[in-house]
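Please read the following report alongside the sequence and the three-dimensional model.

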Amino acid sequence: MTNSISNRLSTTVVRCFFAAVVAVFVFGAIFPFIWMLSTSFKTFGDSLKWPPELVPNPITFEAYREILAVRGFYRFFLNSVIFSVVGTSGAVLFSAMAGYAFAKFRFFGRTLLFSIVLGTLMVPFHVIVIPLFLVVRHLGWYDTYLGLIVPGLASAFGIFLIRQFAMKVPDDYFDCARIDGAKEWYIFSVVFVPLCAPAMATLVILNFMARWNDVFWPLIVTRSYLMRTLTLALTSIASTGYTVVWNNLSAALVLAYIPVIIVFSLLQRYFVAGVVLSGIKG
Amino acid sequence: MLGWIAMKKKAVPYLFLLPSFSILLVFVILPIVYAGWVSMVQYRIVDPSASVFVGLRNFERILRDELVWVSLRNTIAYSVVTVTAGILISLLVALIITKRWFRAQQAVRVALFLPFIMSVVMAGLIWSYLFHADVGLFNYLLRVLGVGEQGFLGDPRQALWCVAVMMIWKNLGYNVVIWSAGILGLPQELSDAAQVDGVSPLAEFWYIQLPLLRPVMMFLTILGLIGSFQSFDAVFVMTFGGPVNSTRVLVFHIWQTAFGFFEIGYATAVAWLLFAVLVALTVLQFKSYGKEEALH
Amino acid sequence: MKRLITIAVVLFVATPFLFGGGADERAAQPISVRGDTWSSGPELESIRATVDRFNERNPGIQVSVEGQVSGEKLLASFAAGDPPDFYYLFTPQLPQHVREGMAHPLDAFISGPDGIAIEGFIDAAILRYQEQIYGLPSGIYPQLLYFNKDMFDAAGIAYPDESWTWDDLATAAAELVREDETGRIVQYGFQADEHNRVWYSHFIGHNGRLFDDETRPREVLFNDATGVAAATFLKDLVKTLGASPPPAGGHGGTAVLGFRDAFPQGRVAMIMDGSWQVPSFNQVSGFRFGATLVPRGSTEVRGWHALSIWAMSAPGRNKDATWEYLKFNSDLDAALRFSDFGGNNAFCLPMLWAAYDDPRWQPSDLVRTFQGAASFVGQEAVFEDAGKWYWNIMRPGLQEMIILDQDPQSSMDAMARKTREEILQEWYR
């Protein structure tokens with residue numbers, strides 16, 4: 001009897017310990033952002049103060065005012081939105097279509113084409129960045145939205161993900177629909193897409209995130225000051241040479257972070273890790 | 001008439017593939033081929049047709065370029081540490097939060113995911129500020145605790161590991177989510193059977209769960225290493241390759257060679273080296289994890 | 001409903017094709033000339049003021065200048081066939097610009113019928129390479145020794161002036177270190193983030209020569225006694241005197257407080273930096289600072305001089321129009337205005353000798369203390385792969401020497417060896 005009580009006690013103690021471990025990690029995950037948030041409300045001098053303070057004294061909005069006053073700020077925001085939203089929609093749509101084809105059809109060259117898709121995943125972006133830039137230039141898309149968005153519309157990872165996920169979806173749904181005489185596009189949009197909703201949602205989050213946070217490609221392909229995306233503009237606004245204005249920088253980062261958080265919180269319940277895992281299980 | 005319908009039917013999958021593939025062809029495959037040529041010439045920016053063909057000389061130069069090997073060494077060290085530590089730590093967390101007695105599983109996953117969705121630049125700058133040798137929080141805490149202040153990003157012996165810590169922190173949420181899904185996907189009967197048999201939790205983990213989680217581990221390590229090897233933004237924003245080249249990673253070296261010194265041909269050759277390393281890594285991992293987890 | 005979603009998605013995807021355009025098209029008439037520069041702030045404003053004056057007087061040519069153009073953007077614009085007509089050039093990169101056919105020599109314009117009197121320029125202000133002139137500046141930006149007046153007053157030390165030697169600098173720096181109650185250093189005497197630049201100033205101030213032939217180097221000379229002495233000076237400042245913080249390396253001041261922040265924030269008594277910093281230091285309220293020449297060595301040369309210089313782009317299609325602007329930018333009036341007539345916010349000095357005798361030149365107290373620098377500026381060495389040499393060999397080499405406490409002679413020898421192997425190599429060019 002005492003055995004089982006002490007067992008239960010030690011179990012509780014152990015569980016408390018593990019819960020504390022997790023709590024530490026959660027705190028560690030959130031705290032750096034809180035610290036940055038706090039810095040964004042400081043004056044520049046305060047951001048360099050020693051000892052550093054968690055609560056700014058005084059709390060000031062001057063960093064935000066300075067960042068929002070940057071010429072073209074709202075245009076940068078718009079550019080990022082266009083780049084991310086259009087790019088994500090297009091990439092997810094095309095990936096879904098391609099994944100659908102690979103998963104639900106048998107056709108000549110299927111294995112070969114899929115291997116090609118996988119192969120391109122291996123090649124680091126920096127190998128092709130200059131040639132890609134030259135291609136874009138040849139098309140006359142340098143410094144345009146087209147150049148910014150179109151190259152990223154083919155997502156090998158997305159195709160892979162959808163295909164793996166779709167292979168698990170029973171073929172019956174589609175056969176039935178075909179027997180009923182439905183058109184292919186109807187089958188795709190009305191039957192396939194909803195069935196793959198978790199995969200699509202996952203892709204939307206990952207794609208949006210990647211595009212919103214992307215600095216390198218917009219840096220290469222845009223020339224005009226007003227064509228910059230938000231994250232690109234912010235990284236150059238906030239630091240010049242040896243000077244890092246920490247409070248302005250923090251404000252800029254907070255502002256750039258908000259849209260990603262919004263998108264994420266809206267779609268978060270659909271983000272199912274099982275989707276990603278379906279990529280690795282047969 | 002029937003033939004026409006049959007042809008239309010056959011064309012369907014190709015039509016669905018068309019948008020992705022045409023873009024892939026023009027914007028990925030074509031550049032890859034072009035990049036093959038670029039790496040074998042002395043590329044002239046203003047007038048590419050004036051580029052001089054030099055065959056494998058760019059690759060030969062790699063062999064003698066000390067900085068390439070420094071970069072590769074840094075990249076390997078950084079990647080191994082980041083991926084290994086990241087996977088192990090996240091596994092620990094995932095094991096805890098997937099236990100039946102743990103209530104706040106979804107909340108924890110969401111909280112841990114917040115660092116993952118920010119840009120690397122943002123995470124890098126946040127941690128630069130924390131690691132800041134003069135005004136950073138960490139040095140202040142270290143001083144208060146009586147341990148000496150550290151150079152962190154300014155110390156060549158510490159800088160790379162500070163960057164690694166940032167990256168581990170950032171990817172933790174994603175890794176935990178993947179591990180959780182894997183663990184939750186394990187058949188419940190095994191766990192029940194283990195409890196009935198009186199197997200200790202540790203043994204249950206080591207002998208039952210872990211082998212079944214191999215595919216997940218493989219997935220995380222392969223993708224993790226591929227990603228780590230291409231790391232650039234973190235170093236660019238936190239240390240710019242310094243101090244004393246201690247955080248110079250391969251992609252940084254490629255970037256500097258191309259955009260700093262305008263040696264596009266040579267930089268592309270080094271990029272192909274990166275590609276070769278990635279392929280070798282992936283093949284090695286597939287071999288070591290065994291053929292059972294092929295992707296079909 | 002599904003149909004609606006499909007339509008919406010298709011519309012979304014089609015958006016870039018509808019709004020494909022980027023920045024506005026430029027008018028065909030008059031000739032438009034574009035300049036790119038990395039500048040921002042007061043310097044960019046001065047540039048734009050010159051541009052505005054030019055545009056007023058030359059309605060047939062309209063010049064525009066774009067600021068904050070990064071290296072990637074500049075390269076990309078050349079690669080895209082859309083290069084600027086003139087651009088700010090970073091001196092050590094000139095050889096690679098010439099190699100890639102980006103920069104165009106100006107000799108034909110200078111000595112042509114519509115030329116300028118190049119002799120009127122301070123010699124160090126001209127960017128020469130392989131016997132041709134590639135750049136003309138808007139002003140001279142000498143390296144200066146900045147000092148915090150309050151700290152000197154508090155310590156009872158006389159302000160630095162033109163007569164200071166490097167030893168004077170070291171002595172004063174050692175005396176200006178302050179700690180707080182916990183023993184933490186809250187004030188350093190001197191901070192040199194750009195170690196290779198301070199080293200170079202010391203080196204050329206003592207008659208050092210980098211190579212046998214600066215433009216076509218064959219032999220490395222900088223690991224001789226002069227070079228080692230310069231390196232030892234830097235190391236002593238940190239290690240022996242404790243007057244300087246250890247170098248952090250990197251860039252952008254993310255790891256430690258950069259010297260351009262530490263100085264106005266009152267963390268360090270002296271720094272060495274270019275004259276372009278003056279306006280930003282002026283902006284810090286309540287900050288009393290002075291500036292003087294780089295300390296004296298054994299020769300008259302005082303510090304390197306950062307050539308922020310305009311180069312003409314070779315693929316540009318409007319070279320004559322561009323030259324009109326560069327010529328306008330090079331005359332006495334432009335030179336004086338660009339240097340704010342010596343006003344307190346002058347961030348550079350005029351590059352024409354005649355400017356200093358002109359009655360319009362009214363140097364403020366601050367500028368008066370450093371205007372002598374114009375006569376003594378040294379020049380950054382320009383040779384193939386100079387950028388690589390500065391960034392990848394000298395800077396990390398010197399920082400490594402200090403951080404890892406290496407012997408200066410062997411450090412310099414190691415840098416010399418790397419230079420021989422990587423910079424002087426010809427086989428892969």
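## Basis of the values

This is a predicted model, in which local features need pLDDT of at least 70 and side-chain atom pairs count only at pLDDT 80 or more, while totals for chains, interfaces and linings use all residues. Residues are numbered from 1 along each chain as its sequence is written, chains are lettered from A and ligands numbered from 1 in the order in which they are written, and side-chain values use heavy atoms, with hydrogens and water left out.

## The interface of chains A and B

In this model, 85 residues of chain A are in contact with 85 residues of chain B, where contact means heavy atoms within 4.5 Å. The two chains bury about 7900 Å² between them, and 84% of this area is on carbon and sulfur atoms; buried area is the accessible area (1.4 Å probe) that two parts lose on being put together, summed over both.

Between chain A and chain B the count of salt bridges is zero, a salt bridge being a side-chain nitrogen of Lys or Arg within 4 Å of a carboxyl oxygen of Asp or Glu. On the side of chain A that touches chain B, the residues divide into 69 nonpolar, twelve polar and four charged, with Ala, Val, Leu, Ile, Met, Phe, Trp, Tyr, Cys and Pro counted as nonpolar, Asp, Glu, Lys and Arg as charged, and the others, Gly among them, as polar.

## A five-stranded sheet in chain C

Chain C holds an open sheet of five strands in the order β8-β9-β10-β7-β11, with mixed pairing; strands (E, at least two residues) are DSSP runs, numbered from the N terminus, and two of them pair if DSSP finds at least two bridges between them. The edge strands are β8 (178-179) and β11 of chain C, each of which pairs on one side only.

Strand β7 (residues 143-148) of chain C pairs with β11(C) in the antiparallel sense over five bridges. Within this pairing, C:Y146 has C:A291 as its bridge partner, and C:F147 stands opposite C:G290. Strand β11 (residues 289-293) of chain C is mostly covered, five of its five residues being buried, that is, under 20% relative accessible area (1.4 Å probe, protein chains only).

## The surroundings of C:L136

C:L136 lies in strand β6 (residues 132-137) of chain C and counts as buried because its relative accessibility is 1%. Leaving aside neighbours within four places in sequence, C:L136 is in contact with several residues, including C:L106, C:I116, C:F121, C:W310 and C:S330. The C-alpha atoms of C:L136 and C:D107, which are 29 residues apart along the chain, are separated by 11 Å.

Conventions
Buried means under 20% relative accessible area, exposed over 50%, partly exposed in between (1.4 Å probe, protein chains only). Helices (H or I, at least four residues) and strands (E, at least two) are DSSP runs, numbered from the N terminus.
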